[in-house]
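Please read it alongside the sequence and the coordinates.

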Amino acid sequence: MSLVAAAVCPHPPLLVPDLAAGAASELDDLRAACRAAVAHLADASIDSLIVLGSDTTTVRRVAPFGGTLSPWGIDRHIGDPAGEPLPLSLLIGAYLMPGAGNFQSVAADAAPGECARLGRGLAAEAERVGLLVLGDGSACRTDKAPGFFDPRAEAFDATVAAALARADAAALAALDPALAAELLAAGRAPWQVLAGAAEGEMRGELLYDSAPYGVAYFVATWAA
């Protein structure tokens with residue numbers, strides 16, 4: 001039982017073109033990369049697909065579940081509107097992969113060891129496991145970014161991008177939770193869960209690495 005495929009995507013609400021309105025075309029390359037990453041999972045012959053993202057607590061979500069994008073500007077439901085509400089990260093995961101039925105949140109402040117244990121547990125759930133991992137990089141790349149400019153952000157994001165490109169689980173596991181929190185990097189805990197799940201050699205490919213609006217977004221695929 002092991003992880004055989006993973007896709008890493010960010011979770012900005014602007015991935016939904018209707019929400020972006022007139023600025024929708026600015027993220028077309030990001031959306032195309034996310035579609036390619038999700039297709040990688042669909043082609044991987046997996047037995048269990050788990051959508052993973054950060055939240056305030058570590059919880060397994062049981063169907064039905066869903067939510068609305070109304071807090072971000074449009075009255076659009078994703079999944080079952082009568083089901084358990086999903087946090088933003090998993091809501092965007094449900095948007096990217098509508099057929100998914102297995103959702104796991106990890107607390108944004110979970111320690112690296114806790115993330116690793118969760119990852120190993122997820123990888124052991126089936127013979128061939130796939131993960132869709134949602135998480136943003138730093139939100140401090142420019143003066144207009146949500147966290148304003150922080151000179152440490154670019155190096156942090158470069159470390160993440162290199163780790164995702166090489167499927168370097170050890171590098172992801174070594175990310176500093178305190179620094180990630182200061183840089184508002186919401187993907188730190190989910191990436192470290194991925195690192196825990198990825199025992200054994202995997203191949204990585206980085207499909208997208210940019211920081212529109214001052215927030216770092218990465219799209220990558222891993223394969224056994």
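Two strands are taken to pair if DSSP finds at least two bridges between them, and the strands (E, at least two residues) and helices (H or I, at least four residues) are themselves DSSP runs, numbered from the N terminus. The model is predicted, so that local features need pLDDT of at least 70 and side-chain atom pairs count only at pLDDT 80 or more, whereas totals for chains, interfaces and linings use all residues. Residues are numbered from 1 along each chain as its sequence is written, and side-chain values use heavy atoms, with hydrogens and water left out.

**The sheet and its helices**

Seven strands make up an open sheet with mixed pairing, in the order S3-S7-S2-S8-S1-S10-S9. Strand S3 (59-61) and S9 are the edge strands, each of which pairs on one side only, and the twist from one strand to the next averages 20 degrees. Strand S10 (residues 217-223) is joined on one side of this order to strand S9 (residues 203-210) by seven bridges, the two running antiparallel, and Asp209 stands opposite Phe218 in S10. Four bridges join S10 to strand S1 (residues 2-9), again in an antiparallel arrangement, with Ala6 opposite Trp222 in S10.

Helix H5 (residues 153-166) packs on the sheet, where it touches S1, S9 and S10, and its direction makes about 145 degrees with that of S9. Here contact means heavy atoms within 4.5 Å, and axes are lines fitted to C-alpha atoms, for helices over the stretch in contact, with angles running from 0 to 180 degrees between N-to-C directions. Helix H8 lies across S1, S2, S7, strand S8 (128-134) and S10, and runs at about 165 degrees to S8.

**Burial and the nonpolar cores**

In what follows, buried means under 20% relative accessible area, exposed means over 50%, and partly exposed is in between (1.4 Å probe, protein chains only). Because 10 of the 10 residues of H8 are buried, this helix is largely enclosed by the rest of the structure; among the buried residues of H8 are Arg188, Gln192 and Leu194.

A nonpolar core is a set of buried Ala, Val, Leu, Ile, Met, Phe, Trp, Tyr and Cys residues joined through side-chain atoms within 4.5 Å. The largest such core has 43 residues, and those with the most contacts inside it are Leu3, Leu131, Leu172, Trp191, Leu194 and Trp222. Leaving aside residues up to four places away in sequence, Trp191 touches Val8, Val133, Gly135, Asp136, Gly137, Phe156, Val160, Leu172, Leu175 and Phe218. A second, separate core of 37 residues includes Leu27, Leu41, Ala94 and Val215. In soluble globular proteins, nonpolar side chains tend to be buried together.

**Aromatic pairs**

Rings of Phe, Tyr and Trp (its six-membered ring) pair if their centres lie within 6.5 Å, and planes under 30 degrees apart count as stacked, over 60 as edge-to-face and the rest as tilted. Two aromatic pairs are found by this rule, and they are set out below.

| Pair | Centre to centre | Angle between planes | Class |
|---|---|---|---|
| Phe65 and Phe103 | 4.5 Å | 65 degrees | edge-to-face |
| Trp191 and Phe218 | 5.9 Å | 65 degrees | edge-to-face |

Phe65 in strand S4 (residues 65-68) and Phe103 in strand S7 (residues 103-107) are 38 residues apart, so that this pair links distant parts of the chain. Both Phe65 and Phe103 are buried. Since Trp191 lies in helix H8 (residues 188-197) and Phe218 in S10, their pair ties together parts that are 27 residues apart in sequence, and Trp191 and Phe218 are buried as well.

**Positive phi angles and cysteines**

Although neither is a glycine, Ser45 has a positive phi of about 50 degrees and Tyr213 one of about 65 degrees. Ser45 is placed in the loop between helix H2 (28-42) and strand S2 (48-55) and is exposed, with a relative accessible area of 54%. Tyr213 belongs to the hairpin of S9 and S10, which has six residues between the strands, and is partly exposed at a relative accessible area of 36%.

With a disulfide defined as a pair of cysteine sulfur atoms within 2.5 Å, the count comes to zero disulfides. For Cys34, the nearest cysteine sulfur is that of Cys9, 3.8 Å away, and Cys34 is buried, with a relative accessible area of 1%. For Cys115, the nearest cysteine sulfur is that of Cys9, 19 Å away, and Cys115 is buried, with a relative accessible area of 0%.
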